[in-house]
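Please take a look at the chain shown here and follow it from its overall dimensions down to single residues.

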Amino acid sequence: MALVRCERCGRPKGRSHTYVASVKPIGYPETAAICGSAWCEQPGLVWLDEQEKTQYERGQRVFSIPSAAVKIKVA
């Protein structure tokens with residue numbers, strides 16, 4: 001499941017996922033996708049695991065985050 005982290009917070013360290021690539025959400029850096037770190041409010045990049053990266057390379061542009069509360073569209 002994709003995660004959102006700003007450039008400063010960097011690659012997330014998932015417990016069950018290894019994040020291998022980041023992509024920009026639509027409108028980045030003027031985006032509604034904000035870093036998921038508790039203390040951070042910077043625009044975030046969408047980090048993808050290996051399976052999601054493959055899907056991205058095949059043209060998928062909408063990804064879910066772990067809580068499934070929102071989906072994020074990437075450029």
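What radius of gyration would a compact globule of 75 residues have, and what does the chain have? The model is a predicted one. For 75 residues, the value for a compact globule is near 11 Å, and the chain has 11 Å, which agrees. Taken along the principal axes, the box filled by the C-alpha atoms is roughly 30 × 30 × 20 Å.

The secondary structure comes next. The chain holds one helix and five strands.

Consider now how strands are arranged. In general, strands of a sheet pair through backbone hydrogen bonds, in either a parallel or an antiparallel manner. In this model, three strands form an open sheet in the order β1-β3-β2, and their pairing is antiparallel. The edges are taken by β1 (3-5) and β2 (19-23); each has a single partner strand, so one side of each is left without a neighbour in the sheet. On average, and with direction ignored, neighbouring strands of this sheet are turned by 40° against each other.

The pairing of β2 with β3 can be followed in detail. Strand β3 covers residues 45-49 and is joined to β2 by four bridges in the antiparallel sense. Within this part of the sheet, alanine 21 has leucine 48 of β3 opposite. Helix α1, residues 50-57, packs on the sheet and touches both β2 and β3. The direction of α1 makes about 110° with the direction of β3.

The connection between β2 and β3 deserves a look too. Proline 29 lies in the loop between these two strands. Most peptide bonds are trans. The bond from tyrosine 28 to proline 29, however, is cis, and its omega is near 5°.

What remains is the surface. What is the volume of the largest pocket? The volume is about 220 Å³. The largest pocket is lined by 13 residues, and the closest to its centre are Leu3, Arg5, Lys13, Gly14 and Arg15.

Technical notes: Residues are numbered from 1 along each chain as its sequence is written. This is a predicted model: local features need pLDDT of at least 70, side-chain atom pairs count only at pLDDT 80 or more; totals for chains, interfaces and linings use all residues. Side-chain values use heavy atoms; hydrogens and water are left out. Two strands pair if DSSP finds at least two bridges between them. Axes are lines fitted to C-alpha atoms, for helices over the stretch in contact, and angles run from 0 to 180 degrees between N-to-C directions. Contact means heavy atoms within 4.5 Å. On a 1 Å grid over the protein atoms alone, a cavity is a set of points where a 1.4 Å probe fits but cannot get out, and a pocket is an open set with protein on both sides within 12 Å along at least five of seven lines; lining residues have an atom within 4 Å of a point. Grid points are joined across faces, edges and corners, and a volume is the space filled by probe spheres set on the points. The radius of gyration is taken over C-alpha atoms; the globule rule is 2.2 Å times the number of residues to the power 0.38.
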